[in-house]
Amino acid sequence: MAVCTVYSPHSLKSTCPIPNTSRIQLGSHQKQVIFFTRRKGGNYRSNKLSGTITCEANTIVIGLAADSGCGKSTFMRRLTSVFGGAASPPKGGNPDSNTLISDTTTVICLDDYHSLDRYGRKEQGVTALDPKANNFDLMYEQVKALKQGIAVEKPIYNHVTGILDSPELIQPPKILVIEGLHPMYDSRVRDLLDFSIYLDISNEVKFAWKIQRDMAERGHSLESIKASIESRKPDFDAFIDPQKQYADAVIEVLPTQLIPDDNEGKVLRVKLVMKEGVKYFSPSYLFDEGSTIDWIPCGRKLTCSYPGIKFSYGPDSYYSNEVSVLEMDGQFDKLDELIYVESHLSNLSTKFYGEVTQQMLSLSNFPGSTNGTGLFQTIVGMKIRDLYEQIIAEKKGSSLQAAKM
Amino acid sequence: ACLNPASSSPNTPTDLSTKVSESIGKAQETCADDPQSGECVAAWDEVEELSAAASHARDNIKASSSGPSDPLEEFCKDNMDTAECRTYDD
(Lines give C-alpha, C1' and ligand atoms only; values in the text may rest on other atoms or scores of the structure.)
Protein backbone atom coordinates (compact mmCIF):
# COMPACT_ATOMS: atom_id res chain seq x y z
CA MET A 1 0.00 0.00 0.00
CA ALA A 2 1.61 3.21 -1.13
CA VAL A 3 1.14 6.32 0.94
CA CYS A 4 1.26 9.47 -1.12
CA THR A 5 1.43 13.10 -0.15
CA VAL A 6 1.21 16.02 -2.50
CA TYR A 7 3.26 19.07 -1.61
CA SER A 8 2.43 22.09 -3.63
CA PRO A 9 3.91 25.54 -3.26
CA HIS A 10 0.59 27.03 -4.35
CA SER A 11 -2.92 26.34 -3.29
CA LEU A 12 -4.20 23.74 -5.70
CA LYS A 13 -7.48 25.57 -6.26
CA SER A 14 -6.29 28.96 -7.41
CA THR A 15 -2.87 29.26 -8.95
CA CYS A 16 -1.70 25.74 -9.63
CA PRO A 17 -0.68 25.87 -13.30
CA ILE A 18 -1.29 22.25 -14.17
CA PRO A 19 -2.55 22.20 -17.74
CA ASN A 20 -5.83 20.54 -18.62
CA THR A 21 -4.11 17.72 -20.39
CA SER A 22 -2.47 16.43 -17.24
CA ARG A 23 -4.52 15.07 -14.45
CA ILE A 24 -3.63 14.12 -10.93
CA GLN A 25 -5.79 11.61 -9.21
CA LEU A 26 -4.79 10.48 -5.80
CA GLY A 27 -6.80 8.01 -3.83
CA SER A 28 -6.57 4.65 -2.24
CA HIS A 29 -6.89 2.78 -5.50
CA GLN A 30 -6.26 5.26 -8.25
CA LYS A 31 -2.98 7.04 -8.48
CA GLN A 32 -2.24 8.49 -11.83
CA VAL A 33 -0.20 11.34 -13.18
CA ILE A 34 0.04 12.09 -16.85
CA PHE A 35 3.20 13.89 -17.70
CA PHE A 36 2.85 14.68 -21.35
CA THR A 37 0.64 16.12 -23.99
CA ARG A 38 0.19 14.54 -27.34
CA ARG A 39 1.40 16.56 -30.30
CA LYS A 40 0.98 16.10 -34.01
CA GLY A 41 3.36 13.57 -35.48
CA GLY A 42 3.34 11.26 -32.52
CA ASN A 43 5.87 13.14 -30.43
CA TYR A 44 5.49 13.59 -26.71
CA ARG A 45 6.56 16.51 -24.69
CA SER A 46 6.71 16.63 -20.95
CA ASN A 47 4.98 19.27 -18.88
CA LYS A 48 6.39 20.69 -15.73
CA LEU A 49 4.48 19.88 -12.59
CA SER A 50 4.28 22.64 -10.06
CA GLY A 51 4.13 20.43 -6.99
CA THR A 52 6.32 17.54 -5.98
CA ILE A 53 4.83 14.24 -5.06
CA THR A 54 6.51 11.94 -2.60
CA CYS A 55 5.30 8.45 -2.08
CA GLU A 56 6.38 5.67 0.15
CA ALA A 57 6.09 3.01 -2.50
CA ASN A 58 7.73 -0.35 -2.66
CA THR A 59 8.60 -0.47 -6.36
CA ILE A 60 12.16 -1.45 -7.10
CA VAL A 61 13.57 -0.77 -10.54
CA ILE A 62 15.89 -3.09 -12.49
CA GLY A 63 17.60 -2.07 -15.73
CA LEU A 64 18.55 -4.58 -18.43
CA ALA A 65 20.64 -3.39 -21.36
CA ALA A 66 21.35 -5.37 -24.52
CA ASP A 67 21.34 -5.04 -28.27
CA SER A 68 18.43 -6.24 -30.35
CA GLY A 69 18.41 -10.01 -30.85
CA CYS A 70 20.61 -10.78 -27.86
CA GLY A 71 18.21 -12.75 -25.72
CA LYS A 72 16.62 -10.02 -23.61
CA SER A 73 13.22 -11.69 -23.82
CA THR A 74 14.59 -15.08 -22.72
CA PHE A 75 16.27 -13.42 -19.73
CA MET A 76 13.01 -11.64 -18.90
CA ARG A 77 11.03 -14.89 -18.92
CA ARG A 78 13.63 -16.56 -16.70
CA LEU A 79 13.49 -13.64 -14.27
CA THR A 80 9.69 -13.55 -14.03
CA SER A 81 9.71 -17.32 -13.52
CA VAL A 82 11.93 -16.95 -10.43
CA PHE A 83 9.24 -14.71 -8.92
CA GLY A 84 6.54 -17.19 -9.90
CA GLY A 85 3.71 -16.87 -12.39
CA ALA A 86 3.90 -16.39 -16.13
CA ALA A 87 4.33 -13.00 -17.77
CA SER A 88 1.89 -11.99 -20.45
CA PRO A 89 1.04 -8.81 -22.41
CA PRO A 90 -1.60 -6.48 -20.90
CA LYS A 91 -5.02 -8.00 -21.45
CA GLY A 92 -7.41 -6.33 -23.87
CA GLY A 93 -4.97 -3.62 -24.91
CA ASN A 94 -2.93 -2.98 -28.00
CA PRO A 95 -1.96 -6.37 -29.48
CA ASP A 96 1.46 -4.95 -30.41
CA SER A 97 2.22 -3.73 -26.87
CA ASN A 98 5.79 -4.48 -25.78
CA THR A 99 4.91 -4.67 -22.09
CA LEU A 100 4.88 -7.91 -20.08
CA ILE A 101 3.00 -8.16 -16.81
CA SER A 102 3.06 -10.85 -14.13
CA ASP A 103 1.88 -10.84 -10.51
CA THR A 104 5.00 -9.17 -9.15
CA THR A 105 6.85 -7.91 -12.19
CA THR A 106 6.19 -5.49 -15.03
CA VAL A 107 8.65 -5.35 -17.90
CA ILE A 108 8.63 -2.29 -20.11
CA CYS A 109 10.56 -2.00 -23.35
CA LEU A 110 12.46 1.25 -23.69
CA ASP A 111 11.80 1.38 -27.44
CA ASP A 112 8.48 2.86 -26.32
CA TYR A 113 10.40 6.05 -25.53
CA HIS A 114 11.59 6.58 -29.10
CA SER A 115 11.11 10.24 -29.90
CA LEU A 116 11.50 9.63 -33.62
CA ASP A 117 9.49 6.89 -35.28
CA ARG A 118 10.91 4.78 -38.10
CA TYR A 119 10.15 7.42 -40.74
CA GLY A 120 11.55 10.23 -38.59
CA ARG A 121 14.79 8.33 -38.11
CA LYS A 122 15.07 7.67 -41.83
CA GLU A 123 14.52 11.32 -42.62
CA GLN A 124 17.21 12.42 -40.18
CA GLY A 125 19.55 9.55 -41.01
CA VAL A 126 19.89 8.25 -37.45
CA THR A 127 19.46 4.78 -35.94
CA ALA A 128 17.38 3.76 -32.93
CA LEU A 129 20.71 3.42 -31.08
CA ASP A 130 21.27 7.18 -31.35
CA PRO A 131 20.26 9.14 -28.21
CA LYS A 132 18.76 11.77 -30.54
CA ALA A 133 16.03 9.26 -31.44
CA ASN A 134 15.00 8.76 -27.79
CA ASN A 135 13.11 10.88 -25.29
CA PHE A 136 15.08 10.55 -22.06
CA ASP A 137 13.08 13.28 -20.30
CA LEU A 138 9.87 11.29 -20.61
CA MET A 139 11.69 8.06 -19.73
CA TYR A 140 13.04 9.63 -16.55
CA GLU A 141 9.72 11.17 -15.52
CA GLN A 142 7.70 8.01 -16.06
CA VAL A 143 10.18 5.63 -14.43
CA LYS A 144 10.42 8.03 -11.49
CA ALA A 145 6.63 8.20 -11.21
CA LEU A 146 6.31 4.39 -11.28
CA LYS A 147 9.01 4.10 -8.63
CA GLN A 148 6.98 6.48 -6.47
CA GLY A 149 3.88 4.33 -6.93
CA ILE A 150 2.09 6.44 -9.52
CA ALA A 151 0.53 4.94 -12.65
CA VAL A 152 1.59 6.43 -15.98
CA GLU A 153 0.31 6.57 -19.54
CA LYS A 154 3.25 5.16 -21.48
CA PRO A 155 3.48 5.42 -25.28
CA ILE A 156 3.78 2.23 -27.35
CA TYR A 157 6.33 1.92 -30.13
CA ASN A 158 4.89 -0.51 -32.65
CA HIS A 159 7.72 -2.67 -34.01
CA VAL A 160 5.67 -3.90 -36.94
CA THR A 161 4.47 -0.56 -38.32
CA GLY A 162 7.35 1.53 -36.92
CA ILE A 163 5.12 4.27 -35.52
CA LEU A 164 4.16 5.41 -32.02
CA ASP A 165 0.73 4.07 -31.07
CA SER A 166 -1.59 5.62 -28.50
CA PRO A 167 -0.38 5.13 -24.91
CA GLU A 168 -1.30 2.40 -22.43
CA LEU A 169 -1.79 2.72 -18.67
CA ILE A 170 0.97 1.11 -16.60
CA GLN A 171 0.29 0.48 -12.91
CA PRO A 172 3.22 0.60 -10.47
CA PRO A 173 4.36 -3.01 -9.89
CA LYS A 174 6.44 -4.49 -7.07
CA ILE A 175 9.33 -4.93 -9.47
CA LEU A 176 9.72 -2.79 -12.56
CA VAL A 177 12.15 -3.98 -15.20
CA ILE A 178 13.17 -1.55 -17.91
CA GLU A 179 14.83 -3.34 -20.79
CA GLY A 180 16.21 -2.00 -24.02
CA LEU A 181 19.13 -0.23 -25.60
CA HIS A 182 19.62 2.67 -23.16
CA PRO A 183 18.56 1.92 -19.55
CA MET A 184 21.87 3.22 -18.15
CA TYR A 185 22.60 5.94 -20.71
CA ASP A 186 20.93 8.90 -18.99
CA SER A 187 22.39 9.61 -15.55
CA ARG A 188 18.98 10.56 -14.08
CA VAL A 189 17.45 7.24 -15.13
CA ARG A 190 20.59 5.42 -13.99
CA ASP A 191 20.22 6.87 -10.49
CA LEU A 192 16.69 5.44 -10.25
CA LEU A 193 17.91 1.87 -10.83
CA ASP A 194 18.23 -0.43 -7.82
CA PHE A 195 20.12 -2.97 -9.92
CA SER A 196 21.47 -3.04 -13.46
CA ILE A 197 22.46 -5.79 -15.85
CA TYR A 198 24.24 -5.65 -19.21
CA LEU A 199 24.13 -8.54 -21.69
CA ASP A 200 27.41 -8.35 -23.58
CA ILE A 201 27.42 -10.54 -26.68
CA SER A 202 30.73 -10.75 -28.56
CA ASN A 203 30.67 -9.96 -32.26
CA GLU A 204 31.37 -13.55 -33.31
CA VAL A 205 28.48 -14.91 -31.26
CA LYS A 206 26.16 -12.08 -32.32
CA PHE A 207 26.84 -12.92 -35.95
CA ALA A 208 26.22 -16.64 -35.38
CA TRP A 209 22.96 -15.94 -33.50
CA LYS A 210 21.67 -13.58 -36.18
CA ILE A 211 22.41 -16.15 -38.87
CA GLN A 212 20.33 -18.68 -36.93
CA ARG A 213 17.58 -16.13 -36.46
CA ASP A 214 17.44 -14.60 -39.94
CA MET A 215 18.71 -17.04 -42.56
CA ALA A 216 15.25 -18.57 -42.96
CA GLU A 217 13.82 -15.15 -43.76
CA ARG A 218 13.17 -14.39 -47.40
CA GLY A 219 15.61 -11.81 -48.75
CA HIS A 220 18.22 -12.31 -46.03
CA SER A 221 21.63 -13.62 -46.96
CA LEU A 222 24.98 -13.84 -45.19
CA GLU A 223 25.87 -10.53 -46.87
CA SER A 224 22.76 -8.70 -45.67
CA ILE A 225 23.15 -9.96 -42.10
CA LYS A 226 26.81 -8.92 -42.09
CA ALA A 227 26.00 -5.52 -43.62
CA SER A 228 23.30 -4.88 -41.02
CA ILE A 229 25.61 -5.67 -38.10
CA GLU A 230 28.51 -3.69 -39.61
CA SER A 231 26.48 -0.56 -40.28
CA ARG A 232 25.02 -0.44 -36.77
CA LYS A 233 28.39 -1.03 -35.13
CA PRO A 234 29.65 2.59 -34.90
CA ASP A 235 26.50 3.71 -33.07
CA PHE A 236 26.55 0.57 -30.93
CA ASP A 237 30.14 1.23 -29.86
CA ALA A 238 29.47 4.91 -29.21
CA PHE A 239 26.17 4.76 -27.29
CA ILE A 240 25.31 1.23 -26.10
CA ASP A 241 28.58 -0.48 -25.22
CA PRO A 242 29.85 2.19 -22.76
CA GLN A 243 26.84 1.51 -20.51
CA LYS A 244 28.40 -1.73 -19.29
CA GLN A 245 30.76 0.17 -16.97
CA TYR A 246 27.72 1.15 -14.86
CA ALA A 247 26.19 -2.34 -14.66
CA ASP A 248 26.14 -4.22 -11.35
CA ALA A 249 26.26 -7.51 -13.27
CA VAL A 250 27.50 -8.15 -16.80
CA ILE A 251 26.86 -11.43 -18.63
CA GLU A 252 29.51 -11.78 -21.34
CA VAL A 253 28.95 -14.37 -24.07
CA LEU A 254 32.09 -15.40 -25.96
CA PRO A 255 33.12 -18.15 -28.37
CA THR A 256 34.30 -21.33 -26.62
CA GLN A 257 37.96 -21.95 -25.97
CA LEU A 258 37.41 -25.70 -25.68
CA ILE A 259 37.06 -26.21 -29.45
CA PRO A 260 39.78 -24.61 -31.58
CA ASP A 261 38.44 -22.18 -34.23
CA ASP A 262 34.80 -22.71 -33.36
CA ASN A 263 32.43 -20.33 -35.12
CA GLU A 264 29.10 -22.08 -34.89
CA GLY A 265 28.10 -20.24 -31.73
CA LYS A 266 26.54 -23.37 -30.24
CA VAL A 267 29.15 -24.02 -27.56
CA LEU A 268 29.67 -20.86 -25.54
CA ARG A 269 32.01 -19.43 -22.94
CA VAL A 270 29.91 -17.31 -20.62
CA LYS A 271 31.23 -14.96 -17.95
CA LEU A 272 29.25 -13.50 -15.09
CA VAL A 273 30.98 -10.30 -13.97
CA MET A 274 29.68 -9.19 -10.55
CA LYS A 275 30.54 -5.82 -9.02
CA GLU A 276 31.86 -5.87 -5.47
CA GLY A 277 30.55 -3.55 -2.78
CA VAL A 278 27.04 -3.10 -4.18
CA LYS A 279 24.46 -2.77 -1.41
CA TYR A 280 22.10 -5.76 -1.11
CA PHE A 281 24.16 -7.73 -3.66
CA SER A 282 26.85 -10.19 -2.69
CA PRO A 283 28.50 -12.05 -5.59
CA SER A 284 28.28 -15.83 -5.91
CA TYR A 285 31.52 -17.79 -5.75
CA LEU A 286 33.07 -21.16 -6.46
CA PHE A 287 34.63 -23.12 -3.53
CA ASP A 288 36.50 -20.25 -1.85
CA GLU A 289 35.58 -16.60 -1.98
CA GLY A 290 38.34 -14.39 -3.36
CA SER A 291 40.63 -17.16 -4.65
CA THR A 292 41.37 -17.86 -8.29
CA ILE A 293 40.15 -21.31 -9.31
CA ASP A 294 39.89 -23.43 -12.46
CA TRP A 295 37.57 -26.41 -12.16
CA ILE A 296 36.74 -29.19 -14.60
CA PRO A 297 33.79 -31.04 -13.05
CA CYS A 298 33.76 -33.84 -15.64
CA GLY A 299 34.67 -37.23 -14.26
CA ARG A 300 32.94 -39.91 -12.26
CA LYS A 301 30.21 -37.65 -10.95
CA LEU A 302 29.35 -35.66 -14.06
CA THR A 303 28.97 -37.05 -17.56
CA CYS A 304 30.46 -34.78 -20.16
CA SER A 305 30.86 -35.52 -23.84
CA TYR A 306 33.15 -33.53 -26.13
CA PRO A 307 34.13 -30.71 -25.57
CA GLY A 308 33.43 -30.98 -21.82
CA ILE A 309 32.84 -28.26 -19.25
CA LYS A 310 35.25 -25.89 -17.58
CA PHE A 311 34.51 -23.44 -14.77
CA SER A 312 36.71 -20.56 -13.61
CA TYR A 313 36.34 -18.12 -10.77
CA GLY A 314 38.43 -15.25 -9.51
CA PRO A 315 38.74 -11.58 -8.60
CA ASP A 316 39.39 -9.11 -11.40
CA SER A 317 38.98 -5.47 -12.28
CA TYR A 318 36.45 -4.21 -14.81
CA TYR A 319 36.42 -0.55 -15.89
CA SER A 320 38.40 0.24 -12.74
CA ASN A 321 35.78 -1.45 -10.55
CA GLU A 322 36.59 -4.37 -8.33
CA VAL A 323 34.63 -7.41 -9.56
CA SER A 324 34.30 -11.17 -9.10
CA VAL A 325 34.11 -13.20 -12.28
CA LEU A 326 32.47 -16.61 -12.60
CA GLU A 327 32.95 -18.33 -15.94
CA MET A 328 31.52 -21.43 -17.57
CA ASP A 329 32.76 -22.82 -20.88
CA GLY A 330 31.00 -25.76 -22.54
CA GLN A 331 27.57 -27.30 -22.13
CA PHE A 332 25.63 -29.83 -20.04
CA ASP A 333 24.52 -33.11 -21.60
CA LYS A 334 22.05 -33.97 -18.87
CA LEU A 335 20.47 -30.97 -17.23
CA ASP A 336 19.66 -32.76 -13.97
CA GLU A 337 23.37 -33.23 -13.34
CA LEU A 338 23.55 -29.48 -12.92
CA ILE A 339 22.80 -30.15 -9.25
CA TYR A 340 26.40 -31.37 -8.93
CA VAL A 341 27.67 -28.02 -10.14
CA GLU A 342 25.14 -26.08 -8.06
CA SER A 343 26.28 -27.83 -4.90
CA HIS A 344 29.78 -26.40 -5.38
CA LEU A 345 28.66 -22.83 -5.92
CA SER A 346 28.08 -20.62 -2.88
CA ASN A 347 26.08 -17.51 -2.16
CA LEU A 348 23.43 -18.26 -4.80
CA SER A 349 20.60 -16.70 -2.73
CA THR A 350 18.43 -19.78 -3.25
CA LYS A 351 15.56 -20.61 -0.90
CA PHE A 352 16.33 -24.33 -0.84
CA TYR A 353 19.04 -26.72 -2.00
CA GLY A 354 18.71 -27.34 -5.73
CA GLU A 355 16.55 -24.34 -6.60
CA VAL A 356 18.77 -23.19 -9.48
CA THR A 357 18.65 -26.67 -11.02
CA GLN A 358 14.91 -26.86 -10.56
CA GLN A 359 14.42 -23.48 -12.24
CA MET A 360 16.62 -24.52 -15.17
CA LEU A 361 14.72 -27.81 -15.53
CA SER A 362 11.33 -26.13 -15.49
CA LEU A 363 12.40 -23.90 -18.40
CA SER A 364 14.47 -26.50 -20.23
CA ASN A 365 13.01 -25.62 -23.64
CA PHE A 366 14.31 -22.03 -23.46
CA PRO A 367 17.39 -21.04 -25.47
CA GLY A 368 20.60 -21.34 -23.46
CA SER A 369 19.32 -23.93 -20.99
CA THR A 370 22.31 -26.25 -21.49
CA ASN A 371 25.04 -23.64 -21.18
CA GLY A 372 26.25 -20.75 -19.04
CA THR A 373 23.76 -18.20 -20.40
CA GLY A 374 20.80 -19.99 -18.80
CA LEU A 375 22.73 -20.81 -15.61
CA PHE A 376 23.97 -17.27 -15.02
CA GLN A 377 20.66 -15.67 -15.96
CA THR A 378 18.97 -17.90 -13.38
CA ILE A 379 21.56 -16.99 -10.73
CA VAL A 380 21.06 -13.27 -11.46
CA GLY A 381 17.31 -13.85 -11.11
CA MET A 382 17.88 -15.32 -7.61
CA LYS A 383 20.10 -12.36 -6.73
CA ILE A 384 17.40 -9.89 -7.80
CA ARG A 385 14.80 -11.68 -5.68
CA ASP A 386 17.17 -11.49 -2.72
CA LEU A 387 17.81 -7.79 -3.34
CA TYR A 388 14.08 -7.11 -3.53
CA GLU A 389 13.42 -8.95 -0.27
CA GLN A 390 16.22 -7.11 1.53
CA ILE A 391 14.99 -3.69 0.38
CA ILE A 392 11.40 -4.48 1.43
CA ALA A 393 12.53 -5.80 4.80
CA GLU A 394 14.61 -2.70 5.43
CA LYS A 395 11.75 -0.37 4.48
CA LYS A 396 9.39 -2.22 6.80
CA GLY A 397 11.93 -1.98 9.58
CA SER A 398 12.41 1.74 9.19
CA SER A 399 8.69 2.50 8.94
CA LEU A 400 8.12 0.44 12.10
CA GLN A 401 10.74 2.48 13.85
CA ALA A 402 9.15 5.69 12.61
CA ALA A 403 5.79 4.54 13.94
CA LYS A 404 7.27 3.97 17.41
CA MET A 405 8.70 7.47 17.64
CA ALA B 1 25.91 -26.27 -44.76
CA CYS B 2 25.19 -26.77 -41.08
CA LEU B 3 22.44 -24.20 -40.88
CA ASN B 4 19.11 -24.80 -42.49
CA PRO B 5 16.43 -23.58 -40.12
CA ALA B 6 14.11 -22.80 -43.06
CA SER B 7 12.70 -26.28 -43.13
CA SER B 8 12.07 -26.61 -39.41
CA SER B 9 10.87 -23.19 -38.20
CA PRO B 10 7.30 -22.06 -38.77
CA ASN B 11 6.78 -19.26 -41.23
CA THR B 12 6.73 -15.56 -40.53
CA PRO B 13 3.40 -13.81 -41.22
CA THR B 14 3.50 -12.93 -44.93
CA ASP B 15 3.12 -9.17 -44.55
CA LEU B 16 6.07 -9.00 -42.15
CA SER B 17 8.13 -11.27 -44.35
CA THR B 18 7.45 -9.02 -47.34
CA LYS B 19 8.41 -5.97 -45.28
CA VAL B 20 11.72 -7.57 -44.28
CA SER B 21 12.72 -8.43 -47.83
CA GLU B 22 11.61 -5.01 -49.10
CA SER B 23 13.63 -3.23 -46.44
CA ILE B 24 16.71 -5.30 -47.30
CA GLY B 25 16.31 -4.36 -50.96
CA LYS B 26 15.96 -0.68 -50.06
CA ALA B 27 18.97 -0.78 -47.74
CA GLN B 28 21.16 -2.34 -50.42
CA GLU B 29 19.98 0.31 -52.86
CA THR B 30 20.56 3.20 -50.42
CA CYS B 31 24.01 1.95 -49.51
CA ALA B 32 25.19 1.45 -53.10
CA ASP B 33 26.34 5.09 -53.29
CA ASP B 34 27.67 5.78 -49.81
CA PRO B 35 27.90 3.01 -47.22
CA GLN B 36 28.87 5.48 -44.46
CA SER B 37 25.91 7.83 -44.87
CA GLY B 38 23.19 8.36 -42.29
CA GLU B 39 20.50 7.16 -44.69
CA CYS B 40 22.36 3.88 -45.23
CA VAL B 41 22.84 3.27 -41.50
CA ALA B 42 19.19 4.09 -40.78
CA ALA B 43 18.08 1.72 -43.55
CA TRP B 44 20.04 -1.21 -42.09
CA ASP B 45 18.70 -0.34 -38.64
CA GLU B 46 15.20 -0.71 -40.05
CA VAL B 47 16.17 -4.15 -41.41
CA GLU B 48 17.33 -5.18 -37.93
CA GLU B 49 14.13 -3.92 -36.29
CA LEU B 50 11.92 -5.77 -38.76
CA SER B 51 14.01 -8.96 -38.54
CA ALA B 52 13.65 -8.89 -34.76
CA ALA B 53 9.89 -8.33 -35.06
CA ALA B 54 9.66 -11.22 -37.53
CA SER B 55 11.60 -13.51 -35.20
CA HIS B 56 9.31 -12.61 -32.28
CA ALA B 57 6.25 -13.26 -34.43
CA ARG B 58 7.69 -16.68 -35.42
CA ASP B 59 8.24 -17.52 -31.75
CA ASN B 60 4.66 -16.56 -30.91
CA ILE B 61 3.24 -18.69 -33.72
CA LYS B 62 5.43 -21.59 -32.61
CA ALA B 63 4.31 -21.22 -28.99
CA SER B 64 0.63 -21.10 -29.90
CA SER B 65 0.50 -23.85 -32.54
CA SER B 66 3.18 -26.52 -32.53
CA GLY B 67 5.05 -25.63 -29.35
CA PRO B 68 4.54 -27.14 -25.90
CA SER B 69 0.77 -27.49 -26.34
CA ASP B 70 -0.26 -30.74 -27.97
CA PRO B 71 -3.55 -31.42 -29.82
CA LEU B 72 -5.14 -32.92 -26.71
CA GLU B 73 -4.37 -29.82 -24.63
CA GLU B 74 -5.82 -27.59 -27.34
CA PHE B 75 -8.97 -29.68 -27.37
CA CYS B 76 -9.25 -29.67 -23.58
CA LYS B 77 -9.11 -25.86 -23.41
CA ASP B 78 -12.56 -25.80 -25.01
CA ASN B 79 -13.93 -29.09 -23.69
CA MET B 80 -12.96 -29.31 -20.04
CA ASP B 81 -15.84 -31.62 -19.10
CA THR B 82 -15.18 -34.45 -21.51
CA ALA B 83 -13.91 -37.78 -20.20
CA GLU B 84 -10.42 -37.39 -21.68
CA CYS B 85 -9.93 -33.92 -20.16
CA ARG B 86 -11.33 -34.12 -16.65
CA THR B 87 -8.76 -33.70 -13.87
CA TYR B 88 -9.39 -33.67 -10.12
CA ASP B 89 -6.98 -32.09 -7.66
CA ASP B 90 -7.70 -34.51 -4.82
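This is a predicted model: local features need pLDDT of at least 70, side-chain atom pairs count only at pLDDT 80 or more; totals for chains, interfaces and linings use all residues.
Modeller: Ground rules come before the questions. Residues are numbered from 1 along each chain as its sequence is written, and chains are lettered from A and ligands numbered from 1 in the order in which they are written. Local features need pLDDT of at least 70, side-chain atom pairs count only at pLDDT 80 or more, and totals for chains, interfaces and linings use all residues, while side-chain values use heavy atoms, with hydrogens and water left out.

Colleague: Why is B:E49 called buried?

Modeller: Its relative accessible area is 9%. Buried means under 20%, exposed over 50%, partly exposed in between (1.4 Å probe, protein chains only). So B:E49, at 9%, is buried.

Colleague: What makes B:E49 and A:R118 a polar contact?

Modeller: Their side chains are joined at 2.9 Å. The term needs a pair of N or O atoms within 3.5 Å; within protein, one must be able to donate a hydrogen and the other to accept it, and residues adjacent in sequence count only if both atoms are side-chain atoms. The 2.9 Å pair is therefore a polar contact.

Colleague: Which residues does B:E49 touch, leaving aside its neighbours within four places in sequence?

Modeller: A:R118, A:R121, A:Y157, A:H159 and A:G162. Contact here means heavy atoms within 4.5 Å.

Colleague: What makes A:K122 and B:E46 a salt bridge?

Modeller: The closest N and O atoms are 2.8 Å apart. A salt bridge is a side-chain nitrogen of Lys or Arg within 4 Å of a carboxyl oxygen of Asp or Glu. So the pair, at 2.8 Å, is a salt bridge. Between chain B and chain A the count is 7 salt bridges.

Colleague: Which elements give two or more residues to the side of chain B that touches chain A?

Modeller: α1 (14-31) and α2 (38-64) of chain B. Helices are DSSP runs of H or I, at least four residues, and strands are runs of E, at least two, numbered from the N terminus. The largest share, 18 residues, comes from α2(B). B:E49 is found in that helix.

Colleague: How much area do chain B and chain A bury between them?

Modeller: About 2,700 Å², 54% of it on carbon and sulfur atoms. Buried area is the accessible area (1.4 Å probe) that two parts lose on being put together, summed over both. B:W44, B:E48 and B:E49 supply 23% of what chain B buries against chain A, more than any other three residues. The contact takes 33 residues from chain B and 31 residues from chain A.
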